[in-house]
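Morning, everyone. Please have the sequence and the model open while I talk.

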Amino acid sequence: MSKVYRHDTTPASARATMATAPRRQARNPLRRGMADLHMHTTHSDGQPTVRQLLDYVTTHTPLDVIAITDHDTISGALEAQEMLRHLPCALEVIVGEEVSTRDGHLVGLFLRERVQPGLSAAETVAAIHAQGGLAFAPHPFLRDTPRRGKPTTMVGLGTLIAQLDLDAIETINATPFLTLANRRAQRYNTSVCHQPTLANSDGHILGAVGKGYTTFPGHTAHDLYTAITGGMIAAHSRPYNSSELLNYLRFWLRLTGGRVPVRALRGAQPRPSRP
Ligand SMILES: [Zn+2]
Ligand SMILES: [Zn+2]
């Protein structure tokens, strides 16, 4: 059942991507809402199924809103919205997609339809906005070298973000050991882009979800849409404990066939922007 908002200024296309269900416990109205808007499931290269992810978020995190942002597909997010209709919680799921553009990764939120990969970053932002969505640059200064036959999960847009009509920049990506890349994103945004800043987990395993989170006035996906477009969001992170770090390392080793993307984790230099 879709929520009907009073005085709703969210585009109909965005409302259609928000799923909600009765909440098990009353929310604390004094607490700002908490959102993690970048995570993966088995619909791309993430470890958890959609069901495992929803169970984890509702039982182990205080998150009010999540976006499932699998690589080049919205099928996992749509499956989550359908499942939420039957779960006794008020978690809301935004349909997102981490789109593989020609220039690097770019995330669309509040989507109705899959955005085609392989376009330029500027064309991708326009395609996201054309369906009423919001666009943000994930891990902009993170680079990993593509390898033949292996998934590449981290490719940022670099300094190109200054030329794009983005709605936000992910200045905290809570993947372990991204301190330098995150710092570079924060500095570049402060000095050049001046965009609202998001913190997300980019979680590929359950223990990562919620390690990066964005707070906003209100608690709903609608409130979040308003907060992002109004620049009323704040980025935060939580530390990993040693067993969570070990789990993530095991996951990366399995995903990459034994190779940890050390260059990316050190926050490699951004490549020059493409025209
Ligand atoms: Zn990525
Ligand atoms: Zn990602």
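**From a loop to the core**

Start at proline 88. Proline 88 sits in the loop between H3 and E4. Before going on, the ground rules. This is a predicted model: local features need pLDDT of at least 70, side-chain atom pairs count only at pLDDT 80 or more, and totals for chains, interfaces and linings use all residues. Residues are numbered from 1 along each chain as its sequence is written, and chains are lettered from A and ligands numbered from 1 in the order in which they are written. Helices (H or I, at least four residues) and strands (E, at least two) are DSSP runs, numbered from the N terminus.

Is proline 88 buried or exposed? Proline 88 is exposed, with 9 other C-beta atoms within 10 Å. The cut-offs: buried takes 20 or more other C-beta atoms within 10 Å, exposed is 12 or fewer, and partly exposed is in between, with C-beta atoms placed from the backbone. Proline 88 and threonine 58 are 30 residues apart in sequence, and 9.6 Å apart from C-alpha to C-alpha.

Now H3, residues 75–84. Its buried residues are Gly76, Ala77, Ala80, Gln81 and Leu84. They cover an arc of only 140 degrees around the axis, which puts them on the same side of H3. That arc is taken from the directions from the helix axis to the C-beta atoms. Here is the general rule: an α-helix has 3.6 residues a turn, so residues three or four places apart point the same way.

Next, strand E3, residues 65–68. Which of its faces are covered? Both: Val65 and Ala67 are buried on one side, Ile66 and Ile68 on the other. In a regular strand the side chains alternate between the two faces of the sheet.

E3 runs parallel to E2, residues 33–36, with two bridges joining them. Two strands pair if DSSP finds at least two bridges between them. Aspartate 36 has isoleucine 66 as its bridge partner in E3. E3 also runs parallel to E4, residues 92–95, through four bridges. There, isoleucine 66 stands opposite valine 93.

Last stop, the core. Ile66 is among the residues with the most contacts inside the largest nonpolar core, along with Ile94, Phe136, Leu166 and Ile169. That core has 66 residues. A nonpolar core is a set of buried Ala, Val, Leu, Ile, Met, Phe, Trp, Tyr and Cys residues joined through C-beta atoms within 7 Å. Helix H6, residues 221–229, gives the largest share of this core, five residues.
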